Structure formats: structure tokens, C-alpha cells
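Take a walk through the model shown here.

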Amino acid sequence: MEGVSNGGMLYHEVQEAKLCAVHCVNTVLQGPFFSEFDLAALASDLDTKERQMMQEGTVSAAASGDFLSAESHNVSLGGDFSIQVLQKALEVWDLQVIASDSPVAEHAQIDPDLENAFICHLHDHWFCIRKVNGEWYNFDSLYAAPQHLSKFYLAAYLDSLKNSGWSIFLVRGNFPKEFPIASSEASNGYGQWLSPEDAERIIKSCNNTQAPQRINATQQDSDPYQEILLEMEDQDMKAAIAASLMEPSQSMSRVETSSPQKDNEDTKDDNKDSEDKKAQ
């Protein structure tokens with residue numbers, strides 16, 4: 001069990017743009033240790049080294065063409081970083097990032113509670129599951145606060161993520177014990193320090209008043225953004241249906257076939273024809 005760190009407080013970052021990799025690294029370290037600019041610098045350094053290796057190696061020009069291009073392979077234009085960037089950032093603190101299916105991670109598959117942190121990745125989203133002061137928390141930046149996980153649920157949750165296509169990585173090493181919370185660097189605009197009680201209160205409040213289905217879906221689905229995408233698709237479908245109902249040709253046909261006024265006019269015409277025949 002870890003000793004009490006940061007006065008028992010939890011450090012959490014809420015999603016900002018596409019900076020989930022930054023949020024993930026900082027919640028692993030439990031403090032605002034890195035900014036997006038720091039990770040971008042690491043990505044640039046990795047790109048440079050990769051290009052140098054390609055130029056110095058015996059790889060054919062066709063095979064090395066992508067790496068020799070100006071486009072980065074470690075950070076996208078949208079701000080998503082590669083696992084290599086996260087590894088480099090954590091190596092600064094002598095921490096190792098290990099794939100969960102690696103032979104050295106076998107014990108973690110049997111009893112994940114023996115570990116201290118996991119990094120989870122799918123598509124362009126990263127988040128951290130971290131043991132802080134002996135308790136497990138989900139520090140997904142899509143959540144308003146860290147979500148407490150029991151030891152039993154931790155194993156089931158990790159298995160569920162793996163089965164849904166998520167890549168799971170272990171983080172091992174000597175984690176920073178303290179961050180100077182009172183310093184000017186204690187907040188980066190999207191980070192916050194919370195007591196476990198405050199975090200629980202915020203999660204309960206979100207479940208009760210905001211969007212509990214989003215939090216639950218994020219835990220169960222393979223993609224944290226899937227629920228949002230489904231909602232957008234549903235709204236688009238509803239808009240398309242509404243627009244089709246308002247098309248002039250369909251509207252006119254509905255009026256012509258169902259208008260009470262037209263039915264009355266047809267009845268009057270029939271009555272007039274009958275009266276004309278009688279007069280004759």
C-alpha cells in the first residue's frame with residue numbers, strides 16, 4: 001500500500017480539447033507535471049530521432065518515405081499523442097510503461113491490485129486508472145471527478161475494457177509522492193485537487209442530475225465517445241425525418257387527400273348534379 005501522498009487529495013483533469021493524453025500522464029503522476037507543449041516537444045524529438053534512424057539505416061526509400069515526411073507520427077494535428085510520447089514523458093520520472101499482454105505483466109492479469117496504475121487507450125482517447133493512497137480511481141477526463149473503483153470491480157472493469165478492444169498498459173516504478181499544491185503551478189486551467197469525499201459527491205451529483213447514462217455507457221462501451229456519437233446520429237435522423245415531412249410535394253398531397261374543405265366541396269358538387277337532373 002502506498003503512503004499517504006498530497007495530503008490525501010486526488011488530482012484530476014477534466015477534458016480540454018483533445019488533450020486526453022496530457023490529462024492521462026498528469027493523473028498517473030498525480031499533479032500538473034506536463035503541459036501539451038511539453039508532450040509536443042517530446043513528440044518532435046521522437047520524430048527527429050526516427051527520421052535519423054531511417055536515413056542511417058538500410059531501409060529502402062519507399063519503406064522509409066512516410067517517416068521522412070514532414071508529418072509527425074507521434075502527434076496528430078488534432079493534438080492526439082502516440083504511446084511512445086506517453087512512455088517518454090513517464091520515463092522522465094523513471095516509470096516504465098508495459099503492455100498488459102507482455103510476459104512480465106502476467107501477475108497483473110491475475111491480480112491487478114498488485115499494480116499502481118494502468119493506462120487505457122482506444123482510438124484517440126487515453127485515460128488512467130490509478131491507485132492513490134491505497135484506493136483505486138478511474139481518472140477518465142470525461143468524468144467531472146475521479147470515480148472510485150473497488151478492488152473486485154477493478155479486475156472486472158479491466159477485463160471488460162480488453163474485451164471491448166481497449167489497449168491496456170501497466171505503469172511501474174517509483175511514483176512521485178508529493179506535488180507542491182500551494183505552488184503557482186498547481187493549476188493548469190483544467191486540473192483540480194479534490195478530497196475523496198468531494199470526488200464522490202461530484203460523481204453522485206452527476207449521476208443524479210446531469211447524464212448518468214453517459215457515465216455508465218463510458219464504463220461499458222468500447223468507445224467513450226460512442227454514446228455522444230449515437231445521440232448526434234439520432235438527432236440528425238430526427239431532423240431528416242422532420243425535413244422530409246415538410247417537403248412541399250408531400251405536404252400538398254396530404255392536404256389534397258385529407259382536407260375537410262375539399263370533402264365538403266365534393267359533396268356540394270354531387271348535390272348540385274342531382275338537383276340539375278331532377279329539374280330536367
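Tyr11, Phe33, Trp93, Phe179 and Trp193 are linked by ring pairs into a cluster. Rings of Phe, Tyr and Trp (its six-membered ring) pair if their centres lie within 6.5 Å; planes under 30 degrees apart count as stacked, over 60 as edge-to-face and the rest as tilted. This is a predicted model: local features need pLDDT of at least 70, side-chain atom pairs count only at pLDDT 80 or more, and totals for chains, interfaces and linings use all residues. Residues are numbered from 1 along each chain as its sequence is written, and side-chain values use heavy atoms, with hydrogens and water left out.

The structure holds eight aromatic pairs. One of them joins Phe127 and Trp166 edge-to-face, at 5.3 Å centre to centre and 75° between the planes. Phe127 lies in strand 4 (residues 125–132) and Trp166 in the loop between helix 6 (151–163) and strand 7 (167–173), so the pair ties together parts that are 39 residues apart in sequence. Helices (H or I, at least four residues) and strands (E, at least two) are DSSP runs, numbered from the N terminus. Phe127 and Trp166 are both buried. Buried means under 20% relative accessible area, exposed over 50%, and partly exposed in between (1.4 Å probe, protein chains only).

Tyr153 and Tyr157 form a stacked pair, with 5.6 Å centre to centre and 10° between the planes. Both lie in helix 6, four residues apart, about one turn of the helix. Tyr153 is partly exposed, at a relative accessible area of 30%. Tyr157 is buried, at 2%.

Now to the annotated site. The UniProt annotation "active site", from an unreviewed entry, covers Cys20, His125 and Asp140. These three span 121 residues in sequence, yet no two of their C-alpha atoms are more than 9.4 Å apart, so they gather at one spot. UniProt positions are given in the numbering used here, feature names are shortened, and annotations may be inferred rather than shown by experiment.

Cys20 sits in helix 1. Its relative accessible area is 1%, so Cys20 is buried. Helix 1 (residues 20–29) is mostly covered, with 10 of its 10 residues buried. Gln30 follows helix 1 and has a positive phi, near 60°. Leaving aside neighbours within four places in sequence, Cys20 is in contact (heavy atoms within 4.5 Å) with Gln15, Asp124, His125, Trp126 and Ser141.

Asp140 lies in the loop between strand 5 and strand 6 (147–149). Asp140 is buried, at 0% relative accessibility. Its side chain makes a polar contact with the side chain of His125 (3.0 Å). A polar contact is a pair of N or O atoms within 3.5 Å; within protein, one must be able to donate a hydrogen and the other to accept it, and residues adjacent in sequence count only if both atoms are side-chain atoms.

Step back to the whole chain. Its secondary structure comes to 11 helices and eight strands. Of its 280 residues, 39% count as buried.

How far can the model be trusted?
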